[in-house]
Amino acid sequence: MSPKPISDDRGSPHFRHTPLQIIHVVGNFLRIWSVYSMYRYLTQTGASVVLFIFSCLVPSSVLFLLLQKPWKGRPLSNTQVVPSLINGAIAALYFILWGKGLKSCGPLRAILAEYSGAVLGVLSAVLYGRRGHVWKKVGGLIAMLASFYFLSQGWALATFSPFSFRDSLDSDVQAEQVLGMSQMMIPILAGILSALRRVIARRVSLKNQLKRRLHAITIASATCFLFPVAMWDLIIGSSGSSVELPFSAWAFLSTILFGIILIFYVDSIAEEKLHMVFSSPRHLMAAGGCIIVMEMVYKMDFSLAGFVICSSILGFGIYEATALERGRKDSFQKPDVSNGMLDDELEMSSLPT
């Protein structure tokens, strides 16, 4: 009789999901590591953001196409391919805005601004939700805007944080500057575009394998849309100066392998198995821990207390902004937990970001 409780514990969802949670944390840590490597390369060399991202998207799109082979298997319909191509244009604009936001705002603020996609939950509540839920989502939106405002004012920086008590920074610490909300709007818009891209991908493909095939088409389409912009930037840059920029293998390889390819599969696993979408407090908590580690490793201008306060306000805002979707998901999952296909479809259709 005694072995039964042990088998029940081992078969519990928490025990089964522990390896997936570890994979999710490690994948996000590697992705955030690539972001800091990309930021250091862009700031130290003055390289073009568009050219760097295009140089990373070309091999990434080739690898995605070779891995997924969208031309094999069941033929894709026009109702699936055309939205994926349009999604590629949105992805190209997202990469440009996010790269420029990273270079101007720094990695900490650029990564946290990606969670601005939760505002789509507020928009869905205004258009389709109940009036009681609208006010809760508007309150979440206000909390998110307050968090981004505090970030733009340097609350997460040791130099300007009201919670930092150090008189001066160490000589090897990279000092950052206070930004206005106008500069913060660049990564915030990038985060909204990223959420819109995920919504379109989720609506077009409910099946996981089909989603991966269409994602390969989306990345290839984004590369094609980015090609004329990169060539124009190359022409303008080459006419302005003839200085050769140093090549950093780690910055490019980490962005390709971790920042584009690996993070897609890690987020897909988290969404399918852990029911954890990108714009969620749980995802923010995992990313926040990785940011703290990288800020200390790279010796950035970092205030732990200010960062915790800003990320907590942002997490509360995301929690309130996605309250309606969580309620719908829980109400649908309680009657029948065994119906996995129905749960997956409801999970995909209810969550906005």
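**Charged pairs and helix packing**

Arg-31 is buried, and Glu-114 is buried too. Keep in mind that this is a predicted model. These two residues form a salt bridge, with their closest N and O atoms 2.9 Å apart. The pair links distant parts of the chain. Arg-31 sits in helix 2, and Glu-114 sits in the loop between helix 5 and helix 6, 83 residues apart.

How many salt bridges does a search of the whole structure find? It finds 4.

Next, Glu-271. Its side chain meets Arg-202 in a salt bridge at 3.1 Å, N to O. That joins helix 10 to helix 8, across 69 residues. Glu-271 also meets Lys-211, at 3.4 Å, N to O. Lys-211 is in helix 9, so this pair ties together parts 60 residues apart in sequence. Buried or exposed? Glu-271 counts as buried, at 7% relative accessibility. Lys-211 counts as buried as well, at 12%. Shared partners join Arg-202, Lys-211 and Glu-271 into one network.

Now a contrast. Glu-320, in helix 12, is buried yet has no salt bridge. The nearest side chain of opposite charge is Lys-136, 4.6 Å away. A salt bridge needs the atoms within 4 Å. Glu-320 does touch Lys-136, Lys-137 and Gly-140.

On to helix 7. Ile-142 lies there. Ile-142 is exposed, with a relative accessible area of 56%. Its C-alpha atom is 7.2 Å from that of Gly-317, 175 residues apart along the chain.

Last, packing. The axes of helix 4 and helix 8 come within 8 Å and cross at roughly 160°. That makes the two helices roughly antiparallel. Their crossing is left-handed.

Conventions. Residues are numbered from 1 along each chain as its sequence is written. This is a predicted model: local features need pLDDT of at least 70, side-chain atom pairs count only at pLDDT 80 or more; totals for chains, interfaces and linings use all residues. Side-chain values use heavy atoms; hydrogens and water are left out. Helices (H or I, at least four residues) and strands (E, at least two) are DSSP runs, numbered from the N terminus. Buried means under 20% relative accessible area, exposed over 50%, partly exposed in between (1.4 Å probe, protein chains only). Lys and Arg count as positive and Asp and Glu as negative; His and the chain ends are not counted. Contact means heavy atoms within 4.5 Å. Axes are lines fitted to C-alpha atoms, for helices over the stretch in contact, and angles run from 0 to 180 degrees between N-to-C directions. Angles under 35 degrees count as roughly parallel, over 145 as roughly antiparallel, 65 to 115 as roughly perpendicular and the rest as oblique. A crossing is left-handed if the near helix is turned anticlockwise from the far one by less than a right angle, and right-handed if clockwise. Lists of a residue's contacts leave out its neighbours within four places in sequence.
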